[in-house]
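Let's take a friendly walk through this protein, from its overall layout to a single residue. Have the sequence and the 3D view ready.

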Amino acid sequence: MKNSYKNIVFTKHALERMNKRSISKDKIWQVINNPDKTLNKSSNRTKGVTKKYLKELSGRSYQVVASYLKQEKKYLINQKLTLSSEVF
């Protein structure tokens, strides 16, 4: 599985979790680019700004934690990918 998609880079761990949960790269892209809700997690000069993106798509709730890498103009997905039956 390729480790990038559009403006998103995935770690091996993130790709494994996505595969286990049947989450496509496009779904992650949709969550990040058009979230229902965004929560600030942290900001760091080297790691960039980390946020949690929440979105409901096709009756499934997604939570994605991503760091925006300003110099690369890409998002790094290396943390939490969650599916939930709860509505935000």
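What percentage of the 88 residues of the protein count as buried? In this predicted model, the share is 32%.

## Overall layout

The protein is built from two helices and six strands.

In soluble globular proteins, nonpolar side chains tend to be buried together. Here, the largest nonpolar core has 16 residues, and the members that touch the most others are I8, F10, I28, I32 and I77. Two or more core residues come from each of β2 (8–10), α1 (12–21), α2 (25–33), β4 (48–57), β5 (60–69) and β6 (74–84).

Leaving aside residues up to four places away in sequence, I77 touches I8, V9, F10, T11, A14, I28, I32, V64, V65 and A66.

## A look at Q30

Now turn to helix α2, where Q30 is found. Is Q30 buried or partly exposed? Its relative accessible area is 25%, so Q30 counts as partly exposed, given that buried means under 20%.

Beyond residues up to four places away in sequence, Q30 touches P35, K55 and L57. Q30 and K55 lie 25 residues apart in sequence, and their C-alpha atoms are 8.5 Å apart in space.

Key. Residues numbered from 1 in each chain as written. Predicted model: local features only at pLDDT ≥ 70, side-chain atom pairs only at ≥ 80, totals over all residues. Heavy atoms only, no water. Helix = DSSP H or I, 4+ residues; strand = E, 2+ residues; numbered from the N terminus. Buried < 20%, exposed > 50% of the residue type's maximum accessible area, 1.4 Å probe, protein only. Core = buried A, V, L, I, M, F, W, Y, C linked by side-chain atoms within 4.5 Å. Contact = heavy atoms within 4.5 Å.
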